[in-house]
Every structure is written in C-alpha cells, then in structure tokens.
Amino acid sequence: MSLAQDIAILKKIPMFSDFQDDQLRLLAFSAESMDYSVGLRLFDQDERADGGLVITDGLVTLSTRGEDGFEEVDKVGPGTLLGESALLVETKRPCRAEAAEPVRIIRIRRALFKRMVSEYPELAQRLFDQRAARFRTTMGRLKPIGDKMAELEQLNAERRAKEEG
C-alpha cells in the first residue's frame, strides 16, 4: 500500500481526523507496516501495549478470556484503530486480536505518537478536547444509572429501618 493510501486511512480515524496532511504523512512514514497471515495473533489479552494498530486491510477477530477459553466479541476491519489509549498511556491489551484473513496494519508506537504531539502542541490540545468531550458524554450516559442506584439505596435504607423498627 502506498503512503498516500496509508494517509487516507489514517485521516478517517476520529483520533487523527484533525491532523494536517503533513502531520499524517509524518505519522504514516514513521510508523511500521506489518502483515499477518490468517490465524496469526496481533496481540494477546493482558499483554503490555506499546502503541496503537491501524488495520488497513483484512479482518481481525477480537476475543476475551472466559471460563471455557477465549470467546469472540467482535470482528473489525480497515480503518479501525486498536489501542487508542495505548498511544497516550501505559496500558494492557483488553482482549486478544487474531487475523481472521490476511491482515495489514500500521503500527504506531507510543513514543512516536508522543513525540508528534510534543512537536505539534495544537494536536495535544485537540486530543485533550476530544477526550474531554467523550468523558462528558460517558458521564452523561452514566448519570441515570447513578440516580437509579441512589434511589435503590434509599429504598433499601427505608426497608431496613422498617425491619429494625
């Protein structure tokens, strides 16, 4: 795949959508391209994550460890970024990823990504703003659950008071 095609794929990923073409070119040029045959493991659950993987071709099966071994939870294809958080912080892989068909990825190491963000402070600000917006959205979605939990706790407290009284 050409550098231009890699840049086009990177541009479609929400985390990189605000990057300028020059920044995407630098990212694509500095990252590693890797190919995986069917059945090969890209990474394993709980493995240390040193960055993100962008799927450019093929299909990847994501599985998590259950009582009876690994269970498939999703299949993802071109334009998917695996390990977004790993681009920013030290973390572990939440699942296993295996090539369901021949797969090509762009591997972006955290050190490379951090260097880019430090050289382009406006990127750091946009990434922070994106993360903050996602956090606010998540908090908004969790608020009704928290309210319901508080309501249940109040009902339990009233029930216990009646039983004791």
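## Terms and model

Two strands count as paired if DSSP finds at least two bridges between them. Strands (E, at least two residues) and helices (H or I, at least four) are DSSP runs, numbered from the N terminus. The model is predicted: local features need pLDDT of at least 70, side-chain atom pairs count only at pLDDT 80 or more, and totals for chains, interfaces and linings use all residues. Residues are numbered from 1 along each chain as its sequence is written, and side-chain values use heavy atoms, with hydrogens and water left out.

## Overall form

The protein chain holds 4 helices and 10 strands. Along the sequence their pattern is α-α-β-β-β-β-β-β-β-β-β-β-α-α.

The radius of gyration, taken over C-alpha atoms, is 21 Å, whereas a compact globule of 165 residues would have one near 15 Å (the globule rule is 2.2 Å times the number of residues to the power 0.38). Along the principal axes, the C-alpha atoms fill a box of roughly 75 × 45 × 25 Å. Of the 165 residues, 35% are buried (under 20% relative accessible area, with a 1.4 Å probe and protein chains only). Of the contacts (heavy atoms within 4.5 Å) between residues at least 6 apart in sequence, 73% join residues at least 24 apart.

## The sheet around S10

Four strands form an open sheet in the order S1-S10-S4-S7, with antiparallel pairing. Its edge strands are S1 and S7 (81-82), each pairing on one side only. Strands of a sheet pair through backbone hydrogen bonds.

Strand S10 (residues 103-109) is mostly covered, with 6 of its 7 residues buried. S1 (residues 32-36) is joined to S10 by 5 bridges, and S4 (residues 51-57) is joined to S10 by 6; both pairs run antiparallel. Arg107 in S10 stands opposite Glu32 and is also the bridge partner of Leu53. Arg109 in S10 stands opposite Gly51.

## The cavity

A search of the whole structure finds 1 cavity of 30 Å³ or more. A cavity here is a set of points, on a 1 Å grid over the protein atoms alone, where a 1.4 Å probe fits but cannot get out. Grid points are joined across faces, edges and corners, and a volume is the space filled by probe spheres set on the points. The largest cavity contains about 30 Å³ of space.

Its lining (residues with an atom within 4 Å of a point) consists of Met15, Glu84, Leu127, Gln130, Arg131 and Arg134. These divide into 2 nonpolar, 1 polar and 3 charged residues. Ala, Val, Leu, Ile, Met, Phe, Trp, Tyr, Cys and Pro count as nonpolar, Asp, Glu, Lys and Arg as charged, and the others, Gly among them, as polar.

Notes. Buried < 20%, exposed > 50% of the residue type's maximum accessible area, 1.4 Å probe, protein only. 1 Å grid on protein atoms, 1.4 Å probe; cavity = no way out; pocket = protein on both sides within 12 Å on 5 of 7 lines; lining within 4 Å.
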